[in-house]
Amino acid sequence: MTVPPAVARRAVEWWLLLQDGDLPESLRRAWQAWRAADALHEQAWQHIAAVNERLAGLAAPQQAAIARAALAPRGPARRRVAQTLAVLAFGAGVAWQLEQRTPWRTWVTDVRTARGERRRLVLEDGTQLVLNGASALDIAYGPALRRLRLLEGEVLITTAPDSHQPARGFAVQTAAGEAQALGTRFAVRALAGGDTWVGVFEGAVRLTPRDAAASALVLPAGRQATLQAQGVSAPAAVHEDSTAWTEGMLVARGLPLPDLLAALQPYSAARLVCAPEVAHLRVSGTYPLDDVPRVLAALGALPGLRVRTLARWWGRQEVVAEAAPR
């Protein structure tokens, strides 16, 4: 049997929890119940146990370093343990056939949100973040630069002045390049395929593509653009209501149907798919992100459109927006 990525992740999380000597008995019983609930859970746990045995056979210095990390509080040291386990367990690339959209590295980030979850936090310098559902980022504050690494999802950032002297800059690194804040409030969203969407609401942001030969672009307030590894798209107007997701709403102004479904995806356990024949449709309205079935029902009532839920062979539901039969 193939272990699903979510089960593999949970097995690693249980392993880390069990390294704590003072684990409450209630959690220990919950771990045992999790193993007994499904054969796949037990298979995943046995795989992690096998990895642990392999760690025991490492040379003494390496083994000691891993042991120290396993006993450390949650944070960078704990992430190194999870990364070590992941490399050993998944190194062949086929053991658990992890989904490309949710690589194991997003499981061990500093901050991540589940589907349907939004999270607000304030960083050590006073910078405020709001994470959309299914998002993951690392926080890498150093002596010269305050940097976030967005691996997945979307984040709205309101930067704070830095108290360090000299003051450090603030940047968000993505697969496509870097967005450097110039005293600002802005949103960054990781897109499928590696591109990055950036919308600026206050101040300005300098977009620097990953390809060193490409030119950087300063994006002022009220504009949006797509950062790509080889360049930056032409800027366009951005509406303040594009951040309505922070309050649990989606505001669409002639939004292409595929983009609307993509905005709903972080709040849906089912995969949302737009059939090619209706990809040209544009949708307007205000929709509640916390009630995706209601939004999909409203879409299915639109003329010429049908929304169907399908059960795929891999066990995950798929909701398809397609042309209604005539």
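In what order do the 3 strands of the open sheet sit? They run S17-S20-S19, and the pairing is mixed.

**View 1. The open sheet S17-S20-S19 in this predicted model.** Helices (H or I, at least four residues) and strands (E, at least two) are DSSP runs numbered from the N terminus, and two strands pair if DSSP finds at least two bridges between them. Strand S17 (271-274) and strand S19 (305-311) are at the edges with a single partner strand each, so one side of each has no neighbour in the sheet. Neighbouring strands are turned by 20 degrees against each other on average, direction ignored.

**View 2. S19 alongside S20.** S19 pairs with strand S20 (residues 317-323) in the antiparallel sense, over 7 bridges. Look for Arg 308, which stands opposite Val 320 in S20.

**View 3. Helices H6 and H7 on the sheet.** Helix H7 (residues 292-300) packs on the sheet and touches S17, S19 and S20 (contact: heavy atoms within 4.5 Å). Its direction makes about 135 degrees with that of S19. Helix H6 (residues 257-264) also lies across S17, S19 and S20, at about 175 degrees to S17. Axes are lines fitted to C-alpha atoms, for helices over the stretch in contact, with angles from 0 to 180 degrees between N-to-C directions.

**View 4. Arg 168 in its loop.** This residue sits between strand S6 (154-158) and strand S7 (169-174). Arg 168 counts as buried because its relative accessibility is 7% (buried is under 20% relative accessible area, with a 1.4 Å probe, protein chains only). Leaving aside neighbours within four places in sequence, its contacts include Glu 124, Tyr 141 and Asp 162.

Residues are numbered from 1 along each chain as its sequence is written. In this predicted model, local features need pLDDT of at least 70 and side-chain atom pairs count only at pLDDT 80 or more, while totals for chains, interfaces and linings use all residues, and side-chain values use heavy atoms, leaving out hydrogens and water.

Conventions
Buried < 20%, exposed > 50% of the residue type's maximum accessible area, 1.4 Å probe, protein only.
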